[in-house]
Amino acid sequence: MNDDEDRTNLERLIASARPAGPSQDLDARVRAALSAKTLPQPMRRLERPDRRLWFAVAASALVAASVGFLGGRLTAAVGGRGVAQNDSPPATAAPSTASERREQPEPGAHNLAPPSVTTVPLNDERLATLFLRPRSREGMLGSGPVRVEISQLP
Amino acid sequence: MASAAWLGPLYEQFREELFLTAWTTLRRREQAEDAVHAAVVKLAALPTPPDDAKLYLFRCVRNAAIDLLRAQARRAETGLAHDDWFPAPDAAAPGAFDEETLASVRALVETLDARSRETIELRLHANLTFREIADLLNEPLPTVASRYRRALERLGERLQAPHE
């Protein structure tokens, strides 16, 4: 009997002396662990409605943005046509002084202004009179009639 | 959550080898089963299967067994239970080897150093190849093969010694 054959017999002998395998209890525990780990898989399917909800929200936002854009364009078109129909120049006060004439914009600059802007070439004092009632005017000595009293006492 | 669909068939295929791998380190049935269970729970949490799933599973079982052994040492329990052998009902054909011979072989295996005994048992009990043992122990293949050969020669000498 050579060494290789002896070794093979010895290996077979040692292999025969191995202990028993695992119990059924371990199999049950492993199955329970694996089933517990796979339980959340159906829950993953519940995520699909969430995706649909996100798509619905995104679509709604897109539609709202489109409607708003179209509405803005329509409003601008209607408003522009209304301004174009008003061919009369805006009513402005005629300049009375030389300074007011200087403050009056040049014709070229006036053409550059958008048609919806009204230019009022008045100085500050006259501009303020447009927004003040006559009663509320106030002079250097106050509002109302001036009363002068003279006293000879020191 | 991870899907452990790949792990179930792998465990079913190697359940006995996995248990024996843990048993090689722990020498106790209940603890070996605990190590296998712990490894399966750990692997089931992986998001994707590892590349070499079999090696990864065996390595996890061995690591779990080592962790249990260290925890056992920390609890200052007694040493390994060398008398924790239990007969394998289907380990060999009936009448191939008598129980007295098997008991003497078990006692001889226990006399080996831990690394040699582990190599012998992983090869002959868990049926791992030398390459798999080398990967599992993180050692070069020639080291594992030569250690196995030397351990086998030592066992053969000790087994024949009383009869000479």
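A: B:Asn127 counts as partly exposed, because its relative accessibility is 43%, a value between the 20% and 50% cut-offs. The model is predicted. B:Asn127 sits in the loop that runs between α5 (114-124) and α6 (130-137) of chain B. Its phi is near 60 degrees, which is positive although the residue is not glycine.

The setting is chain B, which has 7 helices and 0 strands, giving the pattern α-α-α-α-α-α-α along the sequence. Of its 164 residues, 46% are buried. When contacts in chain B between residues at least 6 apart in sequence are taken, 70% of them join residues at least 24 apart. The accessible surface of the chain is about 8,200 Å², and carbon and sulfur atoms account for 54% of that surface.

A positive phi also occurs at B:Arg27, where the angle is near 65 degrees and the residue is again other than glycine. B:Arg27 belongs to the loop between α1 (7-26) and α2 (29-44) of chain B. With a relative accessible area of 2%, B:Arg27 is under the 20% cut-off and is therefore buried.

B:Arg27 has a charged partner: it forms a salt bridge with B:Glu110, and the closest N and O atoms are 2.1 Å apart. B:Glu110 is in helix α4 (residues 99-110) of chain B while B:Arg27 is in the loop between α1 and α2, so the bridge ties together parts 83 residues apart in sequence. Both B:Glu110 and B:Arg27 are buried.

Another salt bridge joins the side chains of B:Lys54 and B:Glu132, at 2.6 Å from N to O. Here B:Lys54 is in helix α3 (residues 53-74) and B:Glu132 in helix α6 of chain B, so that distant parts of the chain, 78 residues apart, are linked. B:Lys54 is partly exposed because its relative accessible area is 23%, and B:Glu132 is partly exposed with 22%.

B:Asp113 and B:Arg154 make a further salt bridge, with 3.5 Å between the closest N and O atoms. B:Asp113 is in the loop between α4 and α5 of chain B and B:Arg154 is in helix α7, which puts the linked parts 41 residues apart. B:Asp113 is partly exposed at 37% relative accessibility, and B:Arg154 is partly exposed with a relative accessible area of 26%.

Salt bridges with shared partners also join B:Arg62, B:Arg115, B:Glu118, B:Glu139 and B:Arg147 into one network. B:Arg147, one of the members of that network, is placed in helix α7 (residues 141-160) of chain B. Its relative accessibility is 10%, so B:Arg147 counts as buried. Apart from neighbours within four places in sequence, B:Arg147 is in contact with B:Arg115, B:Ser116, B:Thr119, B:Leu137 and B:Glu139. Over all chains, the count of salt bridges comes to 15.

A:Leu53, A:Trp54 and A:Val57 make a nonpolar surface patch of about 370 Å². A:Val57 lies in helix α4 (residues 47-85) of chain A, and its 45% relative accessibility is why it counts as partly exposed.

Definitions and conventions: Residues numbered from 1 in each chain as written. Chains lettered and ligands numbered in written order. Predicted model: local features only at pLDDT ≥ 70, side-chain atom pairs only at ≥ 80, totals over all residues. Heavy atoms only, no water. Patch = residues over 30% accessible without salt bridge, like charges linked within 9 Å, V, L, I, M, F, W, Y side chains within 5 Å. Areas by Shrake-Rupley, 256 points an atom, 1.4 Å probe, with all protein chains shown as cover. Salt bridge = Lys/Arg side-chain N within 4 Å of Asp/Glu carboxyl O. Helix = DSSP H or I, 4+ residues; strand = E, 2+ residues; numbered from the N terminus. Buried < 20%, exposed > 50% of the residue type's maximum accessible area, 1.4 Å probe, protein only. Contact = heavy atoms within 4.5 Å.
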